[in-house]
Structure formats: structure tokens, C-alpha cells
Amino acid sequence: MSRVYNFSAGPAVLPEEVLREAAEEMTDYKGTGMSVMEMSHRSKPFQEILETAEADIRELMGIPDNYKVLFLQGGASTQFAMIPMNLMKNGVADYIVTGQFAKKACKEAQKYGKIHVVASSEDKTFSYIPDCSDLPISEDADYVYICENNTIYGTKFKELPNTKGKPLVADVSSCFLSEPVDVEKYGLIYGGVQKNVGPAGMAIVIIREDLIREDVLAGTPTMLTYKIHADAGSLYNTPPAYSIYMCGKVFRWLKRQGGLAAMKEHNEKKAKILYDYLDESKMFRSTVDPKDRSVMNVTFVTGDESLDAKFVKEAKEAGLESLKGHRSVGGMRASIYNAMPVAGVEALVAFMRKFEEENL
Ligand SMILES: *Cc1c(COP(=O)(O)O)cnc(C)c1O
């Protein structure tokens with residue numbers, strides 16, 4: 001059975017090299033006589049896996065020493081609650097709503113404090129990123145929240161908002177490790193790893209130390225307290241051990257590719273191939289404002305729902321998987337994360353050209 005080109009938004013394609021390594025180590029990890037899934041999280045081999053993973057992500061992203069890296073359970077969505085519970089001092093936060101995940105995070109935060117939506121692109125079905133250069137940031141906002149890459153709508157912040165000195169909190173689930181990042185511009189960066197890094201179920205949180213506090217919101221569960229996990233080095237309880245192991249392998253793979261600068265080049269090359277075709281096609285069109293286009297999630301339509309469905313079905317038959325748009329928006333979406341080779345995007349565009357010729 002050969003592998004397909006998998007354009008799923010998440011869980012998503014992982015580097016084949018990494019999967020093969022993991023397969024090789026499946027029943028006997030480096031002479032331990034057991035799988036990583038079977039070993040104590042307090043054992044020496046696992047300690048080493050965890051420490052190496054942290055060191056590698058620190059190197060890849062250039063994470064300064066005054067930021068902690070936490071490997072946490074509960075995917076990205078648990079952070080929707082954890083962020084307000086841990087970061088609210090004044091009980092006020094500002095949210096920029098550019099898609100469903102930002103909206104969900106905003107709604108969750110409303111349970112814990114006073115939330116201001118300081119910008120939104122919902123008026124045009126989230127097809128653009130609002131101008132965030134001079135927003136009415138609340139005087140007493142504990143943080144300003146964004147979803148940096150909007151997985152469902154295919155938009156990305158090309159410039160970070162001017163938070164007027166307030167800590168910026170960013171959900172980077174679908175653009176994690178896709179390009180170099182200036183960590184110091186953020187108070188907290190987090191992402192679910194199943195989009196661009198590893199297996200589902202884990203979030204990586206990169207948080208500036210001064211935002212890790214003891215006096216969190218009353219009633220905050222121990223497991224949802226950053227300080228607990230930070231003090232325990234992500235080993236307060238059993239961590240998502242296999243997910244950490246797989247992410248560690250992906251970090252190593254990224255380093256072998258030349259790090260995040262090389263990834264950015266690789267990703268922009270793929271996105272250009274696809275967007276250039278969309279811009280010239282008479283059948284397909286991009287659904288997003290050109291200035292805000294995501295390099296990771298490319299959304300497009302034909303304008304005819306039945307033709308969209310036919311395209312998705314025939315693409316699947318041709319080995320191009322999971323091109324259906326999110327159930328809330330329809331159309332198509334090609335997620336072209338780090339592990340998607342250029343050949344995958346070329347195969348997609350070749351198929352689209354052929355489909356266009358046959359169906360126009
Ligand atoms: C997928 C996704 C989430 C939700 O992730 P879960 O791990 O399923 O909770 C949140 N934010 C963004 C940007 C996503 O793409």
C-alpha cells in the first residue's frame with residue numbers, strides 16, 4: 001500500500017521519515033526492550049526524550065530563557081479556558097475574532113472575565129484579517145488574543161497586532177514551526193500539535209515566566225494551572241509521552257531540513273504554486289483576500305456545490321485525500337503543512353488543471 005497525498009487540516013500529514021523511524025523503534029526503543037508507549041515517564045530514556053524535545057524546539061524557535069515550554073494534554077481547545085484562568089488579573093481581556101477557533105476561545109473566556117472583541121472579520125465570513133495597527137485596546141486588558149493562522153478560512157496574520165504594550169497571546173496551531181518566529185513579541189504562544197507537528201491530543205505552550213502565576217482565578221483546577229506544570233517540567237502527572245516522543249522526532253527532522261527558515265521557503269514555494277494556479281484558473285478561485293492568504297491552509301471553491309463535491313470525490317480517487325472544506329464553510333481546502341512535499345502540491349495542481357479542462 002503506497003501513501004497518498006494527504007491534505008487533511010488535522011490530524012495531518014507527518015514526515016514519512018519520522019513515521020518509519022517510529023515504526024522501527026516501535027517494539028524496542030534503543031535496546032530498552034520496550035516501546036516508548038510502555039515505559040515509565042520517570043525513566044531515564046523518557047527523561048532524555050523529553051529533555052531533547054524541549055532543547056530542540058528551543059533551538060528551532062530561538063526561545064529565550066525567560067520563557068517556559070510546556071507539553072500539555074487536552075489539545076488546543078483546553079487552552080481556551082486555561083488562558084483566561086491563568087492570565088487574568090484584572091478580569092479583562094481583548095479578543096480579535098478572525099474565525100471559528102478565535103470565536104470559540106473568546107466565548108470560553110467570557111465564562112471567566114470581561115471580554116472585549118476589539119476587531120472581527122465575521123462581517124465577510126472571516127475572509128480577511130482586520131487592520132490591527134490601532135485598535136481600541138482596553139486600558140486594563142490582561143492580554144490581547146489572536147488566532148494567528150485561521151485553519152478553516154485560510155487566512156493568516158502577516159503582521160502582528162499592535163497590542164499597545166499588553167501581552168499578546170496567540171493560537172498558532174496551524175502554523176506552528178512553519179516559519180521563523182520572534183518569540184519575544186508574544187506573552188504566550190500555543191498550539192495543538194496535530195496540525196503541523198505530531199499526534200493529536202497535546203498542546204505545546206510557550207509562556208513568558210512573568211505570566212506564570214500562583215494567584216490564578218479561584219477554582220482553577222490543579223491540572224489547568226500553568227505554574228504546576230512549569231514547576232514540574234511537564235511531569236506533574238503522566239504527560240502525553242508518545243506524543244512528546246513523536247514531536248521530538250519531528251523537531252529533529254525540521255533541524256535536518258535546515259530549520260524554520262528553510263521551512264518558510266519550502267512552504268512559500270508550495271503555496272505559490274497553488275495560489276498562482278487559482279489566480280489564473282477559470283473554474284477555481286481562492287476565497288480569501290490575497291494580502292491575508294495562509295501559506296498552510298488554502299481554501300478555494302468552484303462556485304458550484306455539486307462541482308465541488310465531484311472534484312473532492314475524483315481527487316480522492318486520484319490519491320489526493322481530504323480536500324473537502326470544513327463542514328461549516330464547504331468548498332475545498334488543501335492543507336499543505338511542513339510535511340507535504342512540493343510534489344504533492346504539483347500533483348494537486350495537475351489534477352485541478354485536468355479537472356478544469358474536463359468540466360468547464
Ligand atoms: C484545530 C485547531 C484548534 C483545536 O484543536 P484541538 O486540539 O482539537 O482542541 C484550535 N485552534 C486552531 C487554530 C486549530 O487549527
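A: Start with Ser 77, which has a polar side-chain atom 2.5 Å from an oxygen atom of the ligand; a polar contact is a pair of N or O atoms within 3.5 Å. The model is predicted, local features need pLDDT of at least 70, side-chain atom pairs count only at pLDDT 80 or more, and totals for chains, interfaces and linings use all residues. Residues are numbered from 1 along each chain as its sequence is written, and side-chain values use heavy atoms, with hydrogens and water left out.

Q: Which side chain has an N or O atom 2.6 Å from a nitrogen atom of the ligand?

A: That of Asp 171. For Gln 194, a side-chain N or O atom is 2.9 Å from a ligand oxygen atom. The protein covers 85% of the 390 Å² of accessible area that the ligand has on its own (Shrake-Rupley method, 1.4 Å probe).

Q: In what order do the strands of the open sheet run?

A: Strands of a sheet pair through backbone hydrogen bonds, either parallel or antiparallel. Here 7 strands follow the order β2-β10-β9-β8-β5-β3-β4, with mixed pairing. Strands are DSSP runs of E, at least two residues, numbered from the N terminus, and two of them pair if DSSP finds at least two bridges between them.

Q: Why is one side of β2 and of β4 left without a neighbour in the sheet?

A: β2 (67-73) and β4 (114-120) stand at the edges, so each has a single partner strand.

Q: In which sense do β8 and β9 pair?

A: Parallel, over 3 bridges, with β8 spanning residues 168-171 and β9 residues 188-192. Ala 170 stands opposite Ile 189 in β9.

Conventions
Polar contact = N/O pair within 3.5 Å; in protein donor to acceptor, adjacent residues only side chain to side chain. Helix = DSSP H or I, 4+ residues; strand = E, 2+ residues; numbered from the N terminus.
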